[in-house]
Amino acid sequence: MARTASPRLEGLSLPVRPPTASPDDDAFRRACIRCGLCGTVCENGCIRFFGADEPEMGAMTPYLDVRRRSCTLCMRCTNICPSGALRPVADDLQVIAEKIDMGRAKVERDLCLSYLGRICGYCHDVCPLPGKAIKLTTHGLPVIQDGCVGCGRCVEHCPQNPSALTLVPASARQVPS
């Protein structure tokens, strides 16, 4: 199982989980048997695993490190999960757009080249769901739409460092404010 800097080190309180994981992170951690199969079939290598020393994040559970590698929406992880922690989804972009919610991208306007007066558009160009997940205004400014599934391609491909896009996990939207 591969490891990189965990979301805890990136300042996130909750991780971005693979497609179809419960938005209730505690429920997902209870359902996941920590077999690692989802990571073995991940075609882009975006599924990482928390270490045994990270019990507060769910030791040995999968998460996505989208700045390093984004989800290609291949759905292989959902079809191999033996415990039901991830539920099968067909490799069909229309079905994926309707059923997947890993999170939602957020544009950090003070870092975004387009909002700073330059034309960029990388986030829009790499999005697997342009128009549904992200659109560009007539002035070339990116706007995240309700159709964003949280794959993180915009975060991975943003030329800014730090990225002008962040991914708010679905589980973070479930936490009462």
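This note goes through a predicted model of one protein chain, point by point.

1. Overall make-up. The protein chain has 7 helices and 6 strands. Read from the N terminus, their order is α-α-β-β-α-α-β-α-β-β-α-β-α. The chain counts 177 residues, and 44% of them are buried. Take the contacts between residues at least 6 apart in sequence: 67% of them join residues at least 24 apart.

2. In soluble globular proteins, nonpolar side chains tend to be buried together. Here the largest nonpolar core holds 39 residues, and the members that touch the most others are I47, L64, L73, M102 and L165.

3. Strand pair β3 and β6. Strand β3 covers residues 103-107, and β6 covers residues 165-169. The two run antiparallel and are joined by 5 bridges. K106 stands opposite T166, and V107 stands opposite L165.

4. Faces of the two strands. In a regular strand the side chains alternate between the two faces of the sheet. On β3, the covered face has G103, A105 and V107, while R104 and K106 make up the uncovered face. On β6, L165, L167 and P169 are on the covered face, and T166 and V168 are on the uncovered one. The facing residues K106 and T166 belong to the uncovered faces of β3 and β6. The facing residues V107 and L165 belong to the covered faces of β3 and β6.

5. L73. This residue deserves a look at its backbone. Most residues other than glycine have a negative phi, and most peptide bonds are trans. L73 is not a glycine, yet its phi is positive, about 60°. L73 is located in the loop between β2 (62-64) and α3 (76-80). Is L73 buried or exposed? Its relative accessible area is 3%, so L73 is buried. Beyond its neighbours within four places in sequence, L73 is in contact with D91, L93, I96, M102, P128, V149 and C151. One of these, M102, is listed with L73 among the core members that touch the most others.

6. M75. The loop between β2 and α3 also holds M75. M75 has a positive phi of about 70° and is not a glycine. Its relative accessibility is 1%, so M75 counts as buried.

7. A cis peptide bond. Check the bond from N161 to P162. The bond is cis, with omega near 5°. P162 sits in the loop between α6 and β6.

8. N44. This asparagine lies in the loop between α2 (37-41) and β1. Why does N44 count as buried? The cut-off is under 20% relative accessible area. N44 has 19%, so N44 is buried. Leaving out residues up to four places away in sequence, N44 touches R69, S70, T72 and E156.

9. Cavities. Rolling a probe the size of a water molecule over the atoms shows where empty space is left. How many cavities of 30 Å³ or more does the whole structure have? The search finds 5.

10. The largest cavity. Its volume is about 120 Å³. The lining has 16 residues, with C127, A133, C148, C151 and C154 nearest the centre. By class, 13 lining residues are nonpolar, 2 are polar and 1 is charged.

Notes: Residues are numbered from 1 along each chain as its sequence is written. This is a predicted model: local features need pLDDT of at least 70, side-chain atom pairs count only at pLDDT 80 or more; totals for chains, interfaces and linings use all residues. Side-chain values use heavy atoms; hydrogens and water are left out. Buried means under 20% relative accessible area, exposed over 50%, partly exposed in between (1.4 Å probe, protein chains only). Helices (H or I, at least four residues) and strands (E, at least two) are DSSP runs, numbered from the N terminus. Two strands pair if DSSP finds at least two bridges between them. On a 1 Å grid over the protein atoms alone, a cavity is a set of points where a 1.4 Å probe fits but cannot get out, and a pocket is an open set with protein on both sides within 12 Å along at least five of seven lines; lining residues have an atom within 4 Å of a point. Grid points are joined across faces, edges and corners, and a volume is the space filled by probe spheres set on the points. Ala, Val, Leu, Ile, Met, Phe, Trp, Tyr, Cys and Pro count as nonpolar, Asp, Glu, Lys and Arg as charged, and the others, Gly among them, as polar. A nonpolar core is a set of buried Ala, Val, Leu, Ile, Met, Phe, Trp, Tyr and Cys residues joined through side-chain atoms within 4.5 Å. Contact means heavy atoms within 4.5 Å.
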